[in-house]
Amino acid sequence: MTRLTGRALRVTIFIGETDLWHHRPVYTEIVHRAHKAGLAGASVFRGIEGFGASSLIHTHRLLSLSEDLPVAVVIVDVEDKIRAFLPELDVLVKEGLVSLDDCEVIRYAGRGKTE
């Protein structure tokens with residue numbers, strides 16, 4: 001298991017849920033590549049409303065149902081590993097926003113194996 005405490009870097013990728021990479025959701029491809037790269041973890045969060053560079057508001061409300069809700073993929077690890085992963089995002093993210101933030105990991109613990 002990866003040990004992660006102290007200073008870290010958080011990369012957040014904001015994309016649309018219908019963005020595709022070779023017929024596969026971009027968020028899924030990012031998570032699988034992050035796993036393959038040995039990063040500490042990745043989570044995908046589906047937004048209920050938002051807008052980006054296109055200035056179109058996407059929402060889940062019934063009267064204005066959107067098929068392209070915002071999605072955020074968040075990955076936290078040590079700076080070297082995150083920076084080494086950024087070229088993958090250059091390839092995958094054609095529309096969206098990629099941001100980096102310094103952060104501090106207070107606790108990083110996995111679930112124990114169940115028998």
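**Entry 1: a cysteine and its contacts**

Leaving aside neighbours within four places in sequence, which residues is Cys103 in contact with? I kept in mind from the start that this is a predicted model. I looked up the contacts and found Gly6, Arg7, Ala8, Leu9, Arg10 and Val76. Next I checked where Cys103 sits, and its place is in strand S8. Is Cys103 buried or exposed? Its relative accessible area is 16%, so Cys103 counts as buried, the cut-off being under 20%. I also compared sequence with space: Cys103 and Gly6 lie 97 residues apart along the chain, yet their C-alpha atoms are 8.3 Å apart.

**Entry 2: the sheet**

I then wanted to know which strands build the sheet around this spot. I found an open sheet of four strands, ordered S4-S7-S1-S8 and paired antiparallel. Its edge strands are S4 (42-46) and S8 (97-105), each of which pairs on one side only. From one strand to the next, the twist averages 20 degrees.

I went through the pairings one by one:

- S1 (residues 6-16) pairs with S8 over nine antiparallel bridges, and Thr12 has Ser99 as its bridge partner in S8.
- S1 and S7 run antiparallel and are joined by eight bridges; for Leu9, the bridge partner in S7 is Asp77.
- S4 and S7 are antiparallel too, with five bridges, and here Ser43 stands opposite Val74 of S7.

A reminder to myself on strands: in a regular one, the side chains alternate between the two faces of the sheet.

H2 has 14 residues and reaches 20 Å from its first C-alpha to its last, close to the 20 Å expected. I still found a kink of about 30 degrees at Leu86, shortly before the proline Pro87.

**Entry 3: two histidines in a loop**

I turned to backbone angles next. His22 has a phi near 50 degrees, a positive value in a residue other than glycine. His23 also has a positive phi, of about 65 degrees, although it is not a glycine. I located His22 in the loop between S2 and strand S3 (24-25), and His23 is found in that loop between S2 and S3 too. Are they buried or exposed? His22 is exposed, with a relative accessible area of 62%, and His23 counts as exposed at 79%.

Last, I checked confidence. The mean pLDDT of the protein is 87, and 83% of its residues reach 70 or more. Where is confidence lowest, and where is it highest? The lowest is in strand S6 (residues 58-59), at a mean of 63, while the highest is in H1, at 98. My note for next time: where pLDDT is low, the predicted coordinates should not be read in detail.

Note on methods:
Residues are numbered from 1 along each chain as its sequence is written. This is a predicted model: local features need pLDDT of at least 70, side-chain atom pairs count only at pLDDT 80 or more; totals for chains, interfaces and linings use all residues. Side-chain values use heavy atoms; hydrogens and water are left out. Two strands pair if DSSP finds at least two bridges between them. Axes are lines fitted to C-alpha atoms, for helices over the stretch in contact, and angles run from 0 to 180 degrees between N-to-C directions. The expected span of a helix is 1.5 Å times one less than its number of residues. The bend at a residue is the angle between axes fitted to the seven residues ending there and the seven starting there. pLDDT is the predictor's confidence in each residue, from 0 to 100. Buried means under 20% relative accessible area, exposed over 50%, partly exposed in between (1.4 Å probe, protein chains only). Contact means heavy atoms within 4.5 Å.
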